[in-house]
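Me: I have a structure open and would like to go through it piece by piece. Can we start with the charged pairs and then move on?

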Amino acid sequence: MKTDIQKVGSCRIKFSVEAPVEVIDPIYKAVPKEYVAQAKLPGFRPGKAPLDQVKKLYGKAIQDTINQRVTATLYKAHEEAKIDVEALVDVEGLRSGVGQGASATFILDVAPEFKLPDLKKWQVKKMDNSVSETEIQERMASIRRMAASFREATADDIATADDLLAISFTSDIAPDSVSSAAKHYIADDEYWVQLREDAFIPGLKDVLLGKKVGDKVVLKATYPKDFKVEELKGKKVTYDITVKSMRKLEPADDAAVIARFQVKSLDELTERAIESLKASKTYEEEQRALNALCEQIDKSLKFDLPERPLDSRIYDELMADPAKPLETFANDVEALKKSEAYKQASARAVAALRRSYALAALAKERNIKLTNEEVGVAINSLANSAGLQPQELTKRLIRNERMSGFLAHTLETKVLRELLKECAVL
């Protein structure tokens, strides 16, 4: 086949193809015969209907099928031309006929051309999974709290961070005026709270520390602007709170701690705690280093991207946005493209796509590939987080045409971890 390539953009080409008669005529002969073999016409056995009658009934369908096969035959020429196609954008000027051959021009998005930067630009801070004595003591204190018991408070006991308090509270917001999600924060006859952190009403911990059973306090709370309950975001609420009862933490002695965790000694428990801390630190440090490495890679890459893959990546970013901009601007595409959400999604998409191309190039350069075992581990991990069986997840990835993207992302992660060995040096 005769081909011609015309560059019409940094990552877009016009790929013109001409196929000779000997390639195209067999398609014109084969397709009508297939319709004859399948056609069911009254008075004729399957496969015996006259071709002219079949053409009368299925003429348009026959021509559509011929056009599809001719187009596919012409398009396949990109493989011989070794064009790295990222997306088929359009087909122009399709021409074909018996004894005439065929031709068409394909508008293609192609992979970007770029050079990998010097890897010295990708250096990040070394990973450090060492555990301090303070961290060990804090973990052991936490372990002791897990083995502790609680007793009912006396009239003289005051609340400390480890205690459990039952409180009742009302607010200056009418319960009937808010949604069910917000009612939980407006009033309650008995709510148990531990004072180690402010996980409920802002400022609650501070006003209850040092209080006794029966004490009443007033709390003027201000909810953060990013609070999880929509009606309370940035809202100021005044509470009247009463401490109804209290359970005091009774520290566990060594024997109780050993019995609770079924170990032979506190030394063994301490060793387990250190191992657990190091495992957590190792994971946290790797994630920190990987994030830092991605930032360094993103800063170093500056090249144009193919439009269709970029549009697809932007869409994925918008889909993942918890603010749901695709729903907000569902009927106004132009407004969406002018929004801050679209601007941020575009920036993330550009960085992620450039990084993907760079890591894929590096994988090719260094012959880094995924093993069957690594693919299995990745599928099992994703299946577990999605609450699916690995076989079901695999079927869904294939059915939704997401398997290639999943494998590409898994390979990117492997390349990043390989890079850490030489880039985590600062």
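**Salt bridges, cores and pockets**

Me: Which residue does the side chain of Lys-248 meet in a salt bridge?

Reply: The side chain of Lys-248 meets that of Asp-163, with N to O at 2.7 Å. This is a predicted model.

Me: Where in the chain do those two sit?

Reply: Lys-248 is in strand E9, residues 236–250. Asp-163 is in the loop between strand E5 (149–152) and strand E6 (164–171). They are 85 residues apart, so the pair links distant parts of the chain.

Me: Buried or exposed, Lys-248 and Asp-163?

Reply: Both Lys-248 and Asp-163 are buried.

Me: OK, what does Arg-366 form a salt bridge with?

Reply: Its partner is Glu-422, and the closest N and O atoms are 2.6 Å apart. This pair also links distant parts of the chain: Arg-366 belongs to helix H12 (residues 340–366) and Glu-422 to helix H15 (residues 403–423), 56 residues apart.

Me: Which residues are linked with Arg-12 in a network of salt bridges?

Reply: Asp-109 and Glu-307 are linked with Arg-12 in that network. The count of salt bridges comes to 22.

Me: Changing topic. How many residues are in the largest nonpolar core?

Reply: That core has 33 residues, and those with the most contacts inside it are Trp-122, Leu-293, Ile-297 and Leu-419. The elements that give two or more residues to the core are helix H8 (266–300), helix H9 (307–320), H12 and H15. H12 gives the most, with nine residues.

Me: What is Leu-293 in contact with, leaving aside its neighbours within four places in sequence?

Reply: Trp-122, Val-124, Leu-416, Leu-419, Leu-420 and Cys-423. In soluble globular proteins, nonpolar side chains tend to be buried together.

Me: Which element gives the largest share of the lining of the largest pocket?

Reply: H15, with eleven residues. Among the other elements that give two or more residues to this lining are strand E3 (85–97) and helix H13 (372–386). By class, the lining has 18 nonpolar, eleven polar and ten charged residues.

Me: How much space lies in the second largest pocket?

Reply: About 330 Å³. The residues that line the second largest pocket include Leu-370, Val-377, His-409 and Arg-417. The elements that give two or more residues to its lining are H13 and H15, and the largest share, six residues, comes from H15.

Me: What classes are in the lining of the second largest pocket?

Reply: Three nonpolar, three polar and four charged residues.

Key
Residues are numbered from 1 along each chain as its sequence is written. This is a predicted model: local features need pLDDT of at least 70, side-chain atom pairs count only at pLDDT 80 or more; totals for chains, interfaces and linings use all residues. Side-chain values use heavy atoms; hydrogens and water are left out. A salt bridge is a side-chain nitrogen of Lys or Arg within 4 Å of a carboxyl oxygen of Asp or Glu. Helices (H or I, at least four residues) and strands (E, at least two) are DSSP runs, numbered from the N terminus. Buried means under 20% relative accessible area, exposed over 50%, partly exposed in between (1.4 Å probe, protein chains only). A nonpolar core is a set of buried Ala, Val, Leu, Ile, Met, Phe, Trp, Tyr and Cys residues joined through side-chain atoms within 4.5 Å. Contact means heavy atoms within 4.5 Å. Ala, Val, Leu, Ile, Met, Phe, Trp, Tyr, Cys and Pro count as nonpolar, Asp, Glu, Lys and Arg as charged, and the others, Gly among them, as polar. On a 1 Å grid over the protein atoms alone, a cavity is a set of points where a 1.4 Å probe fits but cannot get out, and a pocket is an open set with protein on both sides within 12 Å along at least five of seven lines; lining residues have an atom within 4 Å of a point. Grid points are joined across faces, edges and corners, and a volume is the space filled by probe spheres set on the points.
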